[in-house]
Amino acid sequence: MKNISVIGCGTMGNGIAQTFAQYNYNVILYDISKEALDKAMLVINKNLGRMVIKDVISEEKKNITLKNIITTTDFNMIKKSDLVIEAVSENLDLKKSIFKKLDLECGKDTILASNTSSISITELAESTNRKDKVIGMHFMNPVPIMSLVEIINSKHTSTTTTETIIEISEKLGKIPLTVNDYPGFISNRILMPMINEAIEALEDGVSTVKNIDGIMKLGMGHPMGPLQLADLIGLDVCKSILEVMFKGINKNKYVPNKLLIELVEDGKLGVKSGEGFYDYSNSKKAEIVSKRFC
Ligand SMILES: NC(=O)c1ccc[n+]([C@@H]2O[C@H](COP(=O)([O-])OP(=O)(O)OC[C@H]3O[C@@H](n4cnc5c(N)ncnc54)[C@H](O)[C@@H]3O)[C@@H](O)[C@H]2O)c1
């Protein structure tokens with residue numbers, strides 16, 4: 001496996017592309033938006049620049065990594081990939097339409113993976129004629145730093161496909177852990193109710209944004225509080241994951257909190273939009289709580 005394509009260049013797509021490129025894979029980074037692709041390359045450049053400053057990689061390695069990535073809005077460029085990783089917005093119909101198109105366009109041996117946080121891999125597989133070669137490859141945010149890849153086997157994924165994806169994840173220096181195909185898998189089934197509960201506690205007036213996050217950081221040893229983490233993931237993404245889990249598992253604890261819905265409707269999506277529970281307009285650091293919560 002040498003040629004990798006990543007579909008969608010947002011928060012996750014650009015991190016996935018950077019990681020494969022750092023490990024010398026040829027990466028095609030595809031998106032429908034040229035503007036998003038330009039932004040993604042700026043983010044990757046900045047991340048690699050930070051690694052050079054910290055002496056984690058050399059300037060030469062940075063340049064090679066950047067050269068390993070080709071950005072495009074032309075779907076034809078994906079055709080010759082050995083592995084395609086879909087990382088578009090968390091929307092079942094959109095993902096299904098992309099898998100259908102990938103199935104028609106890619107070579108018969110190409111493995112199709114989804115970075116979805118919650119959507120059924122079995123359903124995505126069933127929109128193709130290569131059900132055995134469809135798998136979940138759930139990277140964590142930020143991808144270049146986090147070591148886990150949650151590997152999701154659908155009802156149809158073959159052992160060969162799973163083994164290939166485990167092997168390639170290990171080649172990226174990651175630790176792959178396999179799970180079965182249930183809404184939210186393991187990571188989000190446990191994480192999202194916690195985030196939803198933190199938002200509800202905020203809404204009920206139990207405490208402030210800073211103190212809710214502080215309590216979970218200092219008391220539970222979490223590296224980041226749940227509200228800051230929600231901002232990093234994207235509040236729209238959190239809302240979509242909870243909706244998928246509610247639909248699939250049908251328990252009220254997965255219903256997205258109304259404050260979360262309100263923020264998403266107001267376009268306050270967290271880090272990527274500049275404001276969520278925190279205000280990022282001056283800095284990427286979650287130092288200033290959004291005025292709304294002061
Ligand atoms: N954000 C997280 O922390 C996180 C973590 C793990 C997994 N995920 C999952 O990764 C996926 C992507 O999430 P994200 O946070 O990167 O989203 P995002 O909103 O940051 O980016 C989505 C990208 O998809 C592109 N896109 C939309 N329609 C497209 C199409 N038809 N063809 C090509 N590109 C298209 C958009 O232009 C955008 O650049 C989702 O399934 C999400 O659940 C997210």
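Leu242 touches Met192, Asn196, Tyr254 and Pro256, leaving out residues up to four places away in sequence. Here, two residues are in contact if their C-beta atoms, placed from the backbone, lie within 7 Å. Leu242 is found in helix H10 (residues 235–249). Helices (H or I, at least four residues) and strands (E, at least two) are DSSP runs, numbered from the N terminus. Is Leu242 buried or exposed? Leu242 is buried, because 25 other C-beta atoms lie within 10 Å. The cut-offs are these: a residue is buried if 20 or more other C-beta atoms lie within 10 Å of its own, exposed if 12 or fewer, and partly exposed in between, with C-beta atoms placed from the backbone. Pro193 is 49 residues from Leu242 along the chain, and the C-alpha atoms of the two are separated by 8.0 Å.

Before going on, a word about the model and its numbering. This is a predicted model, in which local features need pLDDT of at least 70 and side-chain atom pairs count only at pLDDT 80 or more, while totals for chains, interfaces and linings use all residues. Residues are numbered from 1 along each chain as its sequence is written.

**Two helices to look at**

Start with helix H9 (residues 226–233), where seven of the eight residues are buried, so H9 is largely enclosed by the rest of the structure. The buried ones are Pro226, Leu227, Gln228, Leu229, Ala230, Asp231 and Ile233. They pack against helix H7 (187–203), helix H8 (209–220), H10 and strand S9 (278–279). Just after H9 comes Gly234, with a positive phi of about 110°.

Now turn to helix H4 (residues 92–105). At 1.5 Å a residue, its 14 residues should span 20 Å, and the end C-alpha atoms are 20 Å apart, which agrees. The expected span is 1.5 Å times one less than the number of residues. Which residues of H4 are buried? They are Lys95, Ile98, Phe99 and Leu102. These residues cover an arc of only 100° around the axis, which puts them on the same side of H4. The arc is that of the directions from the helix axis to the C-beta atoms.

**Domains and ligand**

The chain is assigned domain 1 (3–180) and domain 2 (187–288); such bounds come from an automatic or database domain assignment. The centres of domain 1 and domain 2, taken over C-alpha atoms, are separated by 25 Å. Eight residues of domain 1 are in contact with eleven residues of domain 2. The side of domain 1 that touches domain 2 has one nonpolar, five polar and two charged residues. In this grouping, Ala, Val, Leu, Ile, Met, Phe, Trp, Tyr, Cys and Pro count as nonpolar, Asp, Glu, Lys and Arg as charged, and the others, Gly among them, as polar.

How many residues surround the ligand? There are 25, and the closest are Gly8, Gly10, Met12, Ser117 and Asn141. A residue is near a molecule or strand if its C-beta atom, placed from the backbone, lies within 6 Å of it. The shell around the ligand draws at least three residues from each of domain 1 and domain 2. Its largest share, three residues, comes from helix H1 (residues 11–22). By class, the shell divides into ten nonpolar, twelve polar and three charged residues.

Most residues other than glycine have a negative phi, and most peptide bonds are trans.

Pro142 sits in the loop between strand S6 (134–139) and strand S7 (148–153). Asn141 is also among the residues closest to the ligand.
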